[in-house]
Amino acid sequence: MQKKEPIRLLAAGGLLALIALVALIVSRKSFGGAAFWILLLFLLAAAAWLGYELWLLRKNALRYVARMNNTLEHTGQIAPERMHVPILILDSLYEVVWYNDAFADQIAGNRELFGKPLHTVLPFRPDALGSGETMDIGLFDRQFRVSRTDYSRKSNLTVMFCFEDITNYVLLKRLYMDTRPCVLLINIDNYEDLFSGTRQSERAAVLAALESLFDKMIEGTNSIFRHLDEDRFFIITEARHCLEMERAHFPLLDAARRITVRGRSSLTLSIGIGRSGEDLAQNERFAQQSLDMALGRGGDQAAVKTDNGFTFYGGVSQGIEHRSKAKNRAVAKDLLKLMKRCGHVYIMGHRASDLDAVGAAVGAAFIAEQCGVPYNIVIRTESTVAKLLTDRIKTEMPGCMIPPEAARKQINDSDLLVIVDTFSKDIVEDAELYRLAKHTVVIDHHRQMVNYLDNTTLKLHDPHASSAAELVTGMIQYFDFREEMPRFIAEALLAGIMLDTKNFIMQTGVHTFEVAAFLRERGADPIAVKTLFAESLTAYQHRSRLVSEAGLHGRYAIAVQTELIPEIRVIASQAADELLGVENVDASFVLYPGQDQACVSARSLGKINVQVIMERLGGGGHQIMAAAQRSDCSIAQLCELLLKELDAYDAEQNMPAEEEES
């Protein structure tokens with residue numbers, strides 16, 4: 001349409017209105033006169049002009065619409081063909097019916113694709129993407145975001161895929177993620193013990209060798225290395241370098257272990273890594289939490305904390321026993337102060353408590369008694385595996401043991417809860433009692449698990465100790481009580497130590513023998529303690545059958561009990577202990593059914609970290625003694641999972657498992 005046509009239309013309309021107004025005025029004065037007829041003639045001419053302009057407007061509008069339709073139709077035919085976005089159209093059978101030039105150049109590679117099924121053209125299934133949905137795929141070193149749109153007409157389906165090239169965005173995102181700052185906190189395990197009595201020159205030589213390892217580790221990276229203390233180091237590096245260390249399982253741990261002090265003791269490191277935090281400060285907090293977790297699990301390992309949880313690497317050595325007990329002495333004094341200020345002391349261990357848990361609880365009860373504070377041991381006597389010891393407690397300490405239900409009703413804000421022989425929320429005797437307690441003390445020797453007891457007032461955690469009973473006895477040694485320890489208390493503590501050390505064979509340090517001698521001086525009779533390990537003839541027969549029917553899988557002994565029998569938990573653990581005596585067996589596993597669960601008891605001679613293997617199956621424990629319970633699988637399925645984890649563990653340790661069926 002021409003621009004002058006609307007102007008003429010307005011002029012005709014205005015003239016018509018003006019003549020009509022003048023005619024109206026004249027008709028009032030001289031209706032039918034000459035002036036009136038002249039104005040009427042002009043009025044008709046103006047009306048005719050207006051009608052003519054309206055006719056022209058409609059005619060030009062139709063011409064304009066027709067011209068625009070031709071233009072749009074031509075553009076619609078050419079635009080998709082020449083668009084820079086690759087477009088692909090399929091029929092209802094997902095066969096190619098059309099694609100544009102951009103698709104041919106960028107994706108098809110100028111191949112003829114008409115009539116071919118989509119799966120022969122692109123490496124993705126078309127039904128994996130619904131109409132209106134998008135999906136990112138990689139094609140020929142490029143990244144595309146694919147969107148799907150469905151069209152249906154007369155029961156015929158047509159599918160259109162659009163491919164948006166997001167390669168630059170992906171590369172930019174990858175660069176951003178690769179250069180995110182990560183924090184590594186490194187601690188030398190047992191620094192004071194390792195360098196005690198050494199010359200300054202020897203210490204300097206060892207630290208220089210260690211620093212050369214750090215320099216080699218960060219060589220060629222954008223990293224910052226700083227000393228925090230003599231035994232603590234701080235590294236800031238980029239995420240890509242941190243991920244390389246993780247994929248290599250932190251070779252720094254193995255390299256540091258080859259550095260010896262005085263030719264005997266190996267230097268070990270604990271590493272805490274924080275990455276994927278929102279900022280550098282959060283990564284530093286993650287790194288500190290990871291370091292605490294690595295130290296709590298015995299050291300000589302790396303722990304990585306991300307927003308998804310913890311991942312652990314290393315932990316293959318048994319660690320070095322702490323000869324300095326200054327920390328234990330300080331904790332013992334703080335425990336004494338807490339007990340003297342509280343109104344009542346409640347002591348509990350883990351579910352299905354054993355001799356170590358019950359023996360340590362008896363020792364903690366003795367400390368509370370010497371403080372003049374009322375106390376109770378919270379235990380489910382019907383599920384304990386230390387039945388003979390609890391029977392003696394009923395005689396020696398009548399009224400001492402109460403069920404968790406009674407403790408929950410009695411506990412108040414001024415009372416103290418002491419938890420022994422566990423650091424896990426999942427296996428405490430009563431989780432509700434733990435939540436009700438305002439003041440909690442934890443005494444444990446197991447390596448720390450992810451779901452640990454975090455709401456604690458005081459904790460004594462030493463993964464190098466043989467047992468919780470050893471830790472409690474060690475504290476009693478620091479106290480100057482007016483009354484001598486009763487013989488029964490000493491025997492209960494010694495029973496716990498003997499259980500976890502397998503009669504002073506496993507996980508036994510110098511301090512273990514020191515506290516055992518202390519208990520012996522207090523009247524503990526090894527023969528009386530041995531009676532606490534007595535078992536029924538039926539249990540002995542079941543254990544013997546399990547051992548005799550066990551099989552080998554490489555360097556692992558595996559036994560399976562398919563039927564639920566009385567005392568199966570104790571029988572399984574004892575059978576696992578006996579299987580360690582088989583030639584060329586480094587670890588043993590006994591699978592057995594529980595109440596709606598499939599369970600496995602694991603033991604090791606120290607070369608194998610069974611805690612790591614059990615954690616992968618959803619359990620935990622100690623390096624040489626661990627277990628797992630699964631309610632989502634059968635015994636046979638758990639056995640298959642165990643075999644896979646054993647093979648994976650061997651692959652990680654570069655020791656392929658022999659393919660021998662158990």
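Me: Is Arg329 buried, partly exposed or exposed?
Reply: The model is predicted, and the answer rests on its computed surface. Buried requires under 20% relative accessible area and exposed requires over 50%. Arg329 has 37% relative accessibility, so this residue counts as partly exposed.

Me: Which residues gather with Arg329 in a patch of positive charge on the surface?
Reply: Arg329 lies in helix α10, which covers residues 326-341. The residues that gather with Arg329 in the positive patch are Lys333, Lys337 and Arg341.

Me: How many helices and strands does the chain have?
Reply: Buried residues account for 48% of the 662 residues in the chain. Of the contacts with a separation of 6 or more, 64% are between residues 24 or more positions apart. The secondary structure comes to 22 helices and 25 strands.

Me: What share of the accessible surface of the chain belongs to carbon and sulfur atoms?
Reply: The accessible surface of the chain is about 33,100 Å². The share that belongs to carbon and sulfur atoms is 54%.

Me: What is the phi of His249?
Reply: His249 is in the loop between α7 (239-247) and α8 (251-257). With 35% relative accessibility, His249 counts as partly exposed. His249 is not a glycine, yet its phi is positive, at about 60°.

Me: Is Ala352 buried or exposed?
Reply: Ala352 is in the loop between β14 (345-348) and α11 (355-370). Although Ala352 is not a glycine, its phi is positive, at about 50°. The cut-off for buried is under 20% relative accessible area. Ala352 has a relative accessible area of 15%, so Ala352 is buried.

Me: What separates the C-alpha atoms of Leu460 and Met475?
Reply: Leu460 lies in strand β19 (residues 458-461), and at 1% relative accessibility it counts as buried. Leaving aside residues up to four places away in sequence, Leu460 touches several residues, including Asn328, Val331, Leu471 and Met475. Leu460 and Met475 are 15 residues apart along the chain, and their C-alpha atoms are separated by 9.9 Å.

Me: Which residue forms a salt bridge with Glu429?
Reply: The closest N and O atoms of the pair are 3.3 Å apart, and the partner of Glu429 is Arg380. The pair links distant parts of the chain, 49 residues apart: Glu429 is in the loop between β17 (416-420) and α14 (431-436), and Arg380 is in the loop between β15 (375-378) and α12 (387-396). Glu429 counts as buried, at 3% relative accessibility. The residue asked for is Arg380.

Me: Are Asp586 and Arg555 buried or exposed?
Reply: Asp586 forms a salt bridge with Arg555, with the closest N and O atoms 3.8 Å apart. This pair also links distant parts of the chain, since Asp586 is in the loop between α20 (568-579) and β22 (587-594) and Arg555 is in the loop between β20 (551-553) and β21 (556-560). Asp586 and Arg555 are both buried.

Me: Which residues do salt bridges that share partners join into one network?
Reply: Asp632 forms a salt bridge with Arg630, the closest N and O atoms being 2.9 Å apart, and Asp632 is exposed, with a relative accessible area of 54%. Elsewhere, salt bridges that share partners make one network of Arg392, Glu396, Arg487, Glu491 and Asp525.

Notes:
Residues are numbered from 1 along each chain as its sequence is written. This is a predicted model: local features need pLDDT of at least 70, side-chain atom pairs count only at pLDDT 80 or more; totals for chains, interfaces and linings use all residues. Side-chain values use heavy atoms; hydrogens and water are left out. Patches are made of residues with over 30% relative accessible area and no salt bridge: like charges are joined within 9 Å, nonpolar side chains (Val, Leu, Ile, Met, Phe, Trp, Tyr) within 5 Å. Accessible areas come from the Shrake-Rupley method with a 1.4 Å probe; for residues, only the protein chains shown count as cover. A salt bridge is a side-chain nitrogen of Lys or Arg within 4 Å of a carboxyl oxygen of Asp or Glu. Lys and Arg count as positive and Asp and Glu as negative; His and the chain ends are not counted. The place of a charge is taken as NZ of Lys, CZ of Arg, CG of Asp or CD of Glu. Helices (H or I, at least four residues) and strands (E, at least two) are DSSP runs, numbered from the N terminus. Buried means under 20% relative accessible area, exposed over 50%, partly exposed in between (1.4 Å probe, protein chains only). Contact means heavy atoms within 4.5 Å.
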